[in-house]
Amino acid sequence: MALEFYDALEARSRDEREAALTRALPRQVAQAKAQAAHYAQALRDTDSAVIASRAALAALPVTRKSALVAQQAEDPPFGGVVATPLAQLARVFVSPGPIAEPEAAVTDYWRYARALHATGLRAGKLLHNCFAYHFTPAGSMLESGARALGCPVFPAGTGQTEMQARAAAQLRPRCYSGTPDFLKAILEKGDELGLDLSSLRLGHVTGGAYLPALRGWYADRGLTVLQSYGTADLGLIAYESEAREGMILDEGVVVEIVRPGTGDPVPDGEVGEVVVTTLNPHHPLIRFATGDLSAIMPGTSPCGRTNRRIRGWMGRADQATKVRGMFVRPEQVAEVLRAVPGVAKARLVVSLEGDRDAMLLRAEAPAPDEALTEKLGLALQSATRLRGLVELVPPGTLPNDGKVIDDTRPAPG
C-alpha cells in the first residue's frame, strides 16, 4: 500500500471492491430490516440475502430525505431509520428541517479521517475547525476525523473573524476546516492586523461553493485547500485528492445516480440525483435520496485511488414548482415516461404566456410521431391534472444537467 493512502481500501481493484460489496450489502439490508422500523416495513417482502449486487440494490425503494421531516414527526425521534437505541448514542443533532441525526459512540463515526488525510493532515498537527458545534453535526464530523488521525483540534466554531485570526496566530494550526470562503476572511483579517498565519498550509472545505477564483487565491498563497461532499445523515460521501479531478467516493458508501423523481439509475456521465446506501450499522440508510445532483466521472483518479468519482455537487434535484396553483414534481414527469414507452428522457418547461402559466413537455424520440405526441399529452394531463403541450426532439437534444422540470418564469418581485 502506498504511504499517501489512508488505508489499503483506497487502492483495491474493482473486483475486490465489488466482492466486498457483495458481502456487505446483504448484512446491511438484514440489519436495517431487523432493527429499523421504517425498513422493516419498506423491505418486508425483500429477501436480504439476494441483495448482493448493485443491480439488486437498484430494485429496492428509495427513502427520500425530503420525506424525513414528516416521517420523524409521526415516529419521533428518528422516523424509524436508526438501528441503535437512543440511550446508546453519543450525540443527537437536529439539522434544518428539522431532521434529527444520530452519532454513535465509535471512532470516526462520520468517516472524515479519510478526507482529511487526502488533504494532507497528519498525526500531531493541529486542526482549526470552523464548523458549527451546535445543532448540526458538521463540527463533530471534522473533529472526529481529525482525532482518528491523531490530531488535536481547536473547536473554533463559526464567526468572530478577528478572534479566529488571533487564535490561529497563537496556536499555529496546520490545517483549517470550514466553509470555502471563511478561511480567506481569516487570512485577510490576519494580514490587516499584521499577524503571522504562515502555519496554516492546508484547508479542508465543504458546505458551500468552492469557485475557481477562490481556488486560485489560495494557490497563490501556497495553500493546499481541497473539498469534500457529505451530509448530516450520511457523513462523508466523496472527497478531493491532490489530483483535483472530481471527487472520489468514500469506501463506506454505495452511490447511485438516478433520474430525479425515480429510483432508476442513469448511465455513467449523465447528471441525476445522488442516492446513497451507507454501510453504517447504526444508521443503515438504504437508497437514501439526497436531493442533490451529480454525475459519475469516467475512469479513476490520477492520484491512484481506485474508487469511482463524481463531479461534485451540481445543484438540487428537488425541482417541484407550482403551476396554476398546483404543485408539479419530478415524480410526475417520471410517471408520464412510465406510462408511454419509447421515450427515455423528457423535460417539463414551465413558462409564462402573458399572465398565464404554460407547460411544454420536451421529450426525446427517434422520429416525429403524432400518436406518441398525443399519448404523452394525455399522460401529462393524467399525472399533473393540468394541460400542457408536447414537443418531440431528437435524442441527445436535452441538456445533461439533471433538470426534469425547468421553471423559466421570472422570479417574483
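This is a predicted model: local features need pLDDT of at least 70, side-chain atom pairs count only at pLDDT 80 or more; totals for chains, interfaces and linings use all residues.
Residues are numbered from 1 along each chain as its sequence is written, and side-chain values use heavy atoms, with hydrogens and water left out. Local features need pLDDT of at least 70 and side-chain atom pairs count only at pLDDT 80 or more, whereas totals for chains, interfaces and linings use all residues.

Pockets were located on a 1 Å grid over the protein atoms alone; a pocket is an open set of points where a 1.4 Å probe fits, with protein on both sides within 12 Å along at least five of seven lines. Lining residues have an atom within 4 Å of a point. A volume is the space filled by probe spheres set on the points, which are joined across faces, edges and corners.

The largest pocket has a volume of about 970 Å³. Its lining comprises 39 residues. T206, G207, G208, Y229 and G230 lie nearest the centre. Two or more lining residues come from each of β3 (99-104), α6 (138-148), α9 (212-220), β8 (224-231) and β13 (288-294). Helices (H or I, at least four residues) and strands (E, at least two) are DSSP runs, numbered from the N terminus. Strand β8 gives the most, with 5 residues. By class, the lining of the largest pocket holds 18 nonpolar, 14 polar and 7 charged residues. Here Ala, Val, Leu, Ile, Met, Phe, Trp, Tyr, Cys and Pro count as nonpolar, Asp, Glu, Lys and Arg as charged, and the others, Gly among them, as polar.

The second largest pocket has a volume of about 480 Å³. It is lined by 26 residues, of which D250, E251, G252, V253 and L279 are the closest to its centre. At least two residues each are supplied by α1 (14-35) and β11 (253-258). Helix α1 provides the largest share, 4 residues. This lining divides into 12 nonpolar, 5 polar and 9 charged residues.

Strand β11 also belongs to an open sheet of 4 strands, ordered β1-β13-β12-β11, with mixed pairing. Two strands pair if DSSP finds at least two bridges between them. β1 (63-64) and β11 are the edge strands, each pairing on one side only. Strand β12 (residues 272-278) pairs with β13 in the antiparallel sense over 4 bridges. V276 stands opposite F288 in β13.
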